Amino acid sequence: MIGTDTLQGMALELQVEMSHYRHQFGVRRNDFLVEAMSYGMSEEEARACAIQRIGPVVPVTSMPTLALGKSRPLSPMLAARYQYAGDWKDIHEHLLLPNEVLRIAATEQFRSWISDMRNYWVESAPYRFGDDRLSLLSVASEEEGHFSMLVWREPGEEPEVWTYASQHEYRFRHLLHWFKWLNGRSEE
């Protein structure tokens, strides 16, 4: 278990990483535009996708899990995330508010994705953990099953972040390491 002082320091470091991610949008946008147009997207189409939209902070006290009607209290790092920004869309990454987690988790497409992972992807988060220990953190593509999930291994611990994209899985010990990865400075 991580000590309180350490967690507070990590939450402050997370705020720095979130600020870096926010303020490096121009660099990510330019890289995205070049890549998207190299794949045949028009400049107008690419620019329409290359947006950053950060909603105002809204009070969040718990995170809904994939188990209907069950939620988890916010960990210190999740609290820091929701004290920093509300709904957060950045090119492909959409960091969700709890009401968006509930909406997506209730869709037939998402439930089918979870079921397929439980049945066919051994060692995936849905294979290893029940719905009461899983939640959604962000979505890159609902259609393609590109999600980042929160995984609560133990009560009172910071949840891990497991990202699924293009048949790949990336695991991070907590939200701070995930943001470092988004910033291209992964420690894992």
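Is tryptophan 88 buried or exposed? Tryptophan 88 is buried, with a relative accessible area of 0%. Keep in mind that this is a predicted model. The points below cover its aromatic rings first, then its strands.

1. **Aromatic pairs.** The count comes to 13 aromatic pairs. One of them joins tyrosine 21 and tryptophan 88. Their ring centres are 5.8 Å apart and their planes meet at 55 degrees. An angle over 60 would count as edge-to-face and one under 30 as stacked, so this pair is tilted.

2. **Where these two residues sit.** The pair links distant parts of the chain. Tyrosine 21 belongs to helix H1 (residues 4-23). Tryptophan 88 belongs to strand S4 (residues 88-90). In the chain, 67 residues set them apart. Like tryptophan 88, which is buried, tyrosine 21 is buried, and its relative accessible area is 3%.

3. Look next at phenylalanine 110 and tryptophan 113. Their ring centres lie 5.5 Å apart, with the planes at 40 degrees, so this pair is tilted. Both residues lie in helix H6 (residues 108-120). They are 3 residues apart, about one turn of the helix.

4. **An aromatic cluster.** Tyr21 and Trp88 also belong to one aromatic cluster. Tyr84, Trp178 and Phe179 complete that cluster.

5. **Charges over rings.** Tyrosine 21 has a charged neighbour too: the charged end of arginine 28 sits over its ring, 3.8 Å from the ring centre. A second case involves arginine 171 and tryptophan 162. Here arginine 171 lies over the face of tryptophan 162, at 3.9 Å from the ring centre.

6. **Partners of S8.** Which strands pair with S8? Strand S7 (residues 146-151) runs antiparallel to S8, and 5 bridges join the two. Phenylalanine 147 stands opposite tyrosine 164 in S8. Strand S9 (residues 168-172) also pairs with S8 in the antiparallel sense, over 5 bridges. Threonine 163 has tyrosine 170 in S9 as its bridge partner.

7. **The hairpin.** S8 and S9 form a hairpin with 2 residues between the strands. Which residue of this hairpin takes a positive phi? Serine 166 does, with a value near 50 degrees.

Methods: Residues are numbered from 1 along each chain as its sequence is written. This is a predicted model: local features need pLDDT of at least 70, side-chain atom pairs count only at pLDDT 80 or more; totals for chains, interfaces and linings use all residues. Side-chain values use heavy atoms; hydrogens and water are left out. Two strands pair if DSSP finds at least two bridges between them. Helices (H or I, at least four residues) and strands (E, at least two) are DSSP runs, numbered from the N terminus. Rings of Phe, Tyr and Trp (its six-membered ring) pair if their centres lie within 6.5 Å; planes under 30 degrees apart count as stacked, over 60 as edge-to-face and the rest as tilted. Buried means under 20% relative accessible area, exposed over 50%, partly exposed in between (1.4 Å probe, protein chains only). A charge sits over a ring if NZ of Lys or CZ of Arg is within 6 Å of the ring centre and within 35 degrees of the ring normal.
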